[in-house]
Amino acid sequence: MAETPRCPREDIISQFHNLAALGDAARLSVLLCHASSIINETAKNGWTALMYAARNGHFDVVQVLLKYGCDKSLVNKSKQTALDIAKFWGHKHVANLLASIKGGHKPWFLPDAVEEHENYFSSSLLDRKSEKRTDLDWLLTKQCQDATVYILFSCLSPLLVVGKGGDNTEEGDVRLCRLHHVEVKEYLTQPEHVSLIFLGVEIKQNVLHCVKEVHAGEKEDDGLVAWFALNAENITTEQFEKKHEGCFFPQPLMPSLFQLSQQESGVLAQARSVLAWHSRYRFCPTCGSPTKIEEGGYKRTCLREKCSSLQGVHNTAYPRVDPAVIMLVVHPDGNHCLLGRQKRFPTGMFSCLAGFVEPGETIEDAVRREVEEESGVKVGYVQYISCQPWPMPSSLMIGCLAVALSTDIKVDKNEIEEAGWFTKDQVVDVLIKGKSDSFFVPPRQAIAHQLIKHWIKMNANL
């Protein structure tokens, strides 16, 4: 009876394992450059190339395999990992390497340096001037000046207006409705029903300051244009429409907020995040007593004199920011990415996985935990890319690329309803060529979009 011929892939895997066992790091690297998908393939005994290298103490080969993102957690038929094998055979240098590198070395397909990127909600036209927050006289003076700008929120929804052209705006542009003291002074007399915060002053380039004559009893104008934000309950647009035709409070929020300019989006993110914090922390979280707003809106102080929150530094008194990781998980071959969808997503939309950082947890560990919880995929190397303030209500999205160690997907239906590996070509068709027949991704203003774009642009041929 004729012997069943071996397929070319089986021969390649056998050659790969032999090179690992022999310690030929150079030839093994060349092979992986052309066939990186075999990195975690096993022999009939369940052994991987990493296990063979660990058995024979080939430190250089182990380094190469870790660089290419091999899975250190795999076990053979004897339930041994590569680390177990290295320890058993007394190869301490290899065991230390396998034990000490939590996420593995940086894979070959990730760049050494990441250029700083400014996401939507991340820039601003204001200098926050935090040193002015404790200068009560200065703040009160600025509140009444004609040039001062107010942006108004009703139940945390900002007052927006559609531009009609002119004044450096294009017709149809959505922008923040910029009000002045005379238009909001009635709300400033009701501090118990209104949250007021100081946002900063306009950043002006190449301004020549003129020396003005100051009369007795007058305060010198420093020329700074201050911005404030205030939030009240259930304001209507009726009183503003005569001067600001077409102004509106958007419901739902996101479609309109994504139409703001890059710089106004940053002002919006700052204002809404702090105002949202005030709406939730009217009472002291330590003792339950009422609190008052201080430092231009960046602190709430308990009114009970003996409250322990008044002693030492306590986070209960300052605006809250919730760190969250959002990550594009890349396949060990570098040519696929993992995308998932939540039930609340529009039909057909897939995005990066995401989740909140837990107390006492690093960014890298949060990425690994969240990916495994949501998709069942194990992650090794994690690389920070960029971040994005997210003012719904007040998160900081920490964007990362994460390299998978395993590829089998087991979706946690409580977190996401579907996940899958998408090829680079599929993603290019959606993101660059605009094809959306099978699926689509979040818009360019979302950091998920920018992470996906960063990944596909790592290939110089695109």
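Student: Is Phe-88 buried or exposed, and what is its relative accessible area?

Tutor: The model before us is predicted. A residue counts as exposed when its relative accessible area is over 50%. Phe-88 has a value of 61%, so it is exposed. Trp-89, at 42%, is partly exposed.

Student: How are the rings of Phe-88 and Trp-89 arranged?

Tutor: One looks at the distance between the ring centres and at the angle between the planes; planes over 60 degrees apart count as edge-to-face. The centres of Phe-88 and Trp-89 lie 5.3 Å apart and the planes stand at 80°, so this pair is edge-to-face. Another edge-to-face pair is formed by Phe-121 and Trp-390, with 5.6 Å from centre to centre and 85° between the planes.

Student: Which parts of the chain does the pair of Phe-121 and Trp-390 tie together?

Tutor: Phe-121 belongs to the loop between helix H6 and strand E1, while Trp-390 belongs to strand E13, so the pair joins parts that are 269 residues apart in sequence. Phe-121 is buried, with a relative accessible area of 2%, whereas Trp-390 is partly exposed at 21%. Ring pairs also bring these two into a cluster with Tyr-120 and Phe-258. The structure holds 14 aromatic pairs.

Student: Let us turn to helices. How many residues has helix H11, and how far does it reach?

Tutor: The general idea concerns the turn of the helix. An α-helix has 3.6 residues a turn, so residues three or four places apart point the same way. In this structure, H11 runs over residues 363-375 and has 13 residues. From its first C-alpha to its last it reaches 18 Å, close to the 18 Å expected at 1.5 Å a residue.

Student: Which residues of H11 are buried, and what covers them?

Tutor: The buried residues are Ala-366, Val-367, Arg-368, Arg-369, Glu-370, Val-371, Glu-374 and Ser-375. Their cover includes the strands E10, E11, E12, E13 and E14. After H11 comes Gly-376, with a positive phi near 80°.

Student: Where else is phi positive?

Tutor: Here one may look for residues other than glycine. Cys-155 is one of them, with phi near 50°. Cys-155 is placed in the loop between strands E2 and E3, and its relative accessible area of 36% makes it partly exposed. Asn-234 also has a positive phi near 50°. Asn-234 sits in the loop between E7 and H9 and is exposed, at 63%.

Student: What is the form of the peptide bond from Gln-251 to Pro-252?

Tutor: One reads the form from the angle omega. For the bond from Gln-251 to Pro-252, omega is near 0° and the bond is cis. Pro-252 is in the loop between strand E7 and helix H9. The bond from Met-392 to Pro-393 is likewise cis, with omega near 0°, and Pro-393 lies in the loop between E13 and E14.

Student: With which residues is Leu-396 in contact, leaving aside its neighbours within four places in sequence?

Tutor: Leu-396 is found in strand E14 and is partly exposed, with a relative accessible area of 28%. Apart from those neighbours, Leu-396 is in contact with Val-321, Asp-322, Pro-323, Ala-324, Cys-387, Gln-388 and Pro-389. Val-321 is 75 residues away along the chain, yet the C-alpha atoms of Leu-396 and Val-321 are separated by 6.7 Å.

Technical notes
Residues numbered from 1 in each chain as written. Predicted model: local features only at pLDDT ≥ 70, side-chain atom pairs only at ≥ 80, totals over all residues. Heavy atoms only, no water. Helix = DSSP H or I, 4+ residues; strand = E, 2+ residues; numbered from the N terminus. Expected span 1.5 Å × (residues − 1). Buried < 20%, exposed > 50% of the residue type's maximum accessible area, 1.4 Å probe, protein only. Contact = heavy atoms within 4.5 Å. Phe/Tyr/Trp six-rings, centres within 6.5 Å; stacked < 30°, edge-to-face > 60°.
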